[in-house]
Amino acid sequence: MNEPIQQEALALLEWPRLAEHLASFASTAAGRRHCRALTLPSSFAISERLLAETTELLGLDGLLEGGLSFQGVADVASTLALCGKGGVAGGEALLELAGTLAAARRLRRQIDDGELRPVTSALVAQLRTLPELEQRLRLCVEEGGRVADRASPALEGLRRQLRGVRSERRDRLQALLRRCAALLQDGVIAERNGRPVLAVKAGAVGQLPGQVHDSSASGQTVFVEPREVVGLGNRIRELEGQERELELAVLKQLSAQVGEQLDLLKPLQPVLVQLDGALARARYAAWLGAVRPELAAEPAAPFALRELRHPLLLWQHRREGGAAVVPVSIAVGPDLRVVAITGPNTGGKTVTLKSLGLAALMARAGLFLPCSGTPRLPWCGQVLADIGDEQSLQQNLSTFSGHIRRIARILEALPAPGAAGSSSASLVLLDEVGAGTDPQEGAALATALLQQLADRARLTIATTHLGELKALKYTDPRFENASVAFDEQTLAPTYRLQWGIPGRSNALAIARRLGLEEQVLQLAAAQLAPRGEGQVNQVIEGLEQQRQRQQEAAEEAATLLARTELLHDELLSRWEQQRQQSAELQEQRRQQLERSIRQGQNEVRRIIRRLRQGAPGGGHDSTSLGETARQAGQRLKHLERQHQPAPQRREHGGWMPAPGDRVRVLSLGKAGEVLALAEDRRELTVRCGVMRLTVPLEAIEGLHGERASPPEVRVQVQGSRGLAGRGPEVRTARNSVDVRGLRVHEAEAVVEEALRGGNGPVWVIHGIGTGKLKRGLRTWLEGVPDVERVSDAAQADGGAGCSVVHLR
């Protein structure tokens, strides 16, 4: 922005004051200077990059404990320039350069993340921190900028020699103090002209030969450098001169090394200043509670700023205890070109102009906006303003003349009507357009000006008291009215911007409240009536009341909707809570029943063990007692099966387990390993702990809730045998179990394991004997739900000594 009219607009909008506020969030002196001279980007792409920098550093600054730190960063531009020209930098300047290199390395390590922070990562990629140069500088320069002894062997030896001579002179002076104490005024070694002296009494000065350097004001004391140490002092002076020459040689060598790396060090200062500026913008945004705007490159893009707050008023409110800031909402469609804001004085019209102007400038400069929601606006290449009183006695300008001259410069800065469209939007802000002259002529001039601006600028916002401008909306769709609300009861503005309704100046209402005579007010009202302005004001008043009623109804509806949503959420929460409590109660009862069943089964097993361990002559009583215990165990197992939860049927989601996968058995609520899949892939064998189960595909799920999807069923009818897929009807070693010699309860456990692993008939070899084992197994199998029927085997397979168990 080099044009004078654009610079005037920045001053009128108080842009330098905002830049000063931004500078207070910078971390370095160079960063503060950069923020104070805040320049506006010349292209949309640069603004987008600045906004991305602000966004990335805002997120990173909040993640790091203590935030990003620029500690150690100094302004090294002058040092680099001096070294680049072959000059010799001082020790402190070189030490600051070393600290800046270390800080840059730390910042690059913290920021560099191409995925999360692509823009700032590309920025720090330009940094070359040269650790070897930094170590060399720190090695040769100590804190305070003094050249270290280790910088040069010659310097180290010279300083060792200098310390020895100084020590010798100090020892001789201490000896003179003790030996000539009677001649001295005190026992302190003073210094005059850089030489050590003793305070000798004026009458005894001849008794201590040496060089006189000074005397006291009273003349009673003479400061003498004893002759014994004069030679040592001269030697020290000579060595100090040599020391300075060696130090200068070291600094010259270090400066030359910096100059050699100048090409790599040139980006150091600009990149650090740019990072500091981006971090200042991020922290300023966090302090304002601002959000990132969405900029549009298209000049005709709409303006959508909800609850925009003036950033300078926010600063005044929070830092200086000013009044609370009332936000304004601005919504301008792509076809709208001019908005005329009317209403009483001190109602907030000018604040609205400045808020919008600063918002356009802030978004362009990469700053976030103090809005609600996501602000959207076009990239404004020009923000032109005529705000305030331009009266000037020195330039012989009236208020009207000052406004006209500035407006003329604004028109010169805008493209002519019909010219090629500008690549960026122009925002024009006019305060009290057409004021300061005859109202009729001012209204005519303002109307013509706004129509011209509608052709040449993306958006013009104008404040006015002229009633004629309110009617432009009804003759040109590019125009819109807005007004600032005013409370006639309290005679105070509400600072709320109302769209679509022209405002009233409320002069008569204010005068009546302030006590002006009623007769005067009636005469004024009579003057308005012939021109129809009274009717216009009544229409506007009616519109305002209607808008107020609609707003109240909308607020009531929003409140009712919020209460309804809260009630809905509360009902859902209670229903979910009751459902969980019911499920938990059922689960507790089931677990309690299972514990009771297990306890009963354990008791039955203990009884059977005692019977087995008893004497063989127990007789009929032992046998009947064992049979009773066995029947009780069967009833307990039957009761357990009745209360087992049914497998949960779920819709299939396309997942199929494979051998080795871990799955969850729904009926048990436990995880197991898939051992094998059936040929039709509708059943699988699962091992849960020590148990081995064959379950249908619908009864399992993945550990992450995956639902299995079985293959399509292809039915083939083969003669009279019906559907294929059942187990073989031929006895084999795999589908046969031998329980001969076992007790009934022991045989039950073996047969139960065989039934779990089988998918067809199972041959149970029990023998004939007394028939007790056969009867016990047949009785038990009648209560097993998966068993369809039990029959004797064919004569070739064992006949009556073998039972064939057919599964459902």
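**View 1. Strand S10 pairs with strand S11 in this predicted model.** S10 covers residues 380-386 and runs parallel to S11, with six bridges between them. Strands pair when DSSP finds at least two bridges between them. Gln382 has Ser426 in S11 as its bridge partner. Strands (E, at least two residues) and helices (H or I, at least four) are DSSP runs, numbered from the N terminus. Residues are numbered from 1 along each chain as its sequence is written. Local features need pLDDT of at least 70, side-chain atom pairs count only at pLDDT 80 or more, and totals for chains, interfaces and linings use all residues, while side-chain values use heavy atoms, without hydrogens and water.

**View 2. Strand S11 is mostly covered.** S11 spans residues 425-430, and six of its six residues are buried (under 20% relative accessible area, 1.4 Å probe, protein chains only). Ala425, Leu427 and Leu429 point one way. Ser426, Val428 and Leu430 point the other way.

**View 3. Strand S11 also joins strand S12.** Four bridges link S11 to S12 (residues 459-463), and the two run parallel. Leu427 has Leu459 in S12 as its bridge partner. From S11 the chain passes through helix H16 (residues 439-456) to S12, a right-handed β-α-β crossover (clockwise from the first strand over the helix to the second, with the strands pointing away from the viewer).

**View 4. Five strands form an open antiparallel sheet.** Their order is S18-S17-S16-S15-S19. S18 (691-696) and S19 (700-702) are the edge strands, each pairing on one side only. Inside the order, S16 (residues 670-677) and S17 (residues 683-688) run antiparallel, joined by four bridges. Ala676 has Thr685 in S17 as its bridge partner.

Terms used. Buried < 20%, exposed > 50% of the residue type's maximum accessible area, 1.4 Å probe, protein only.
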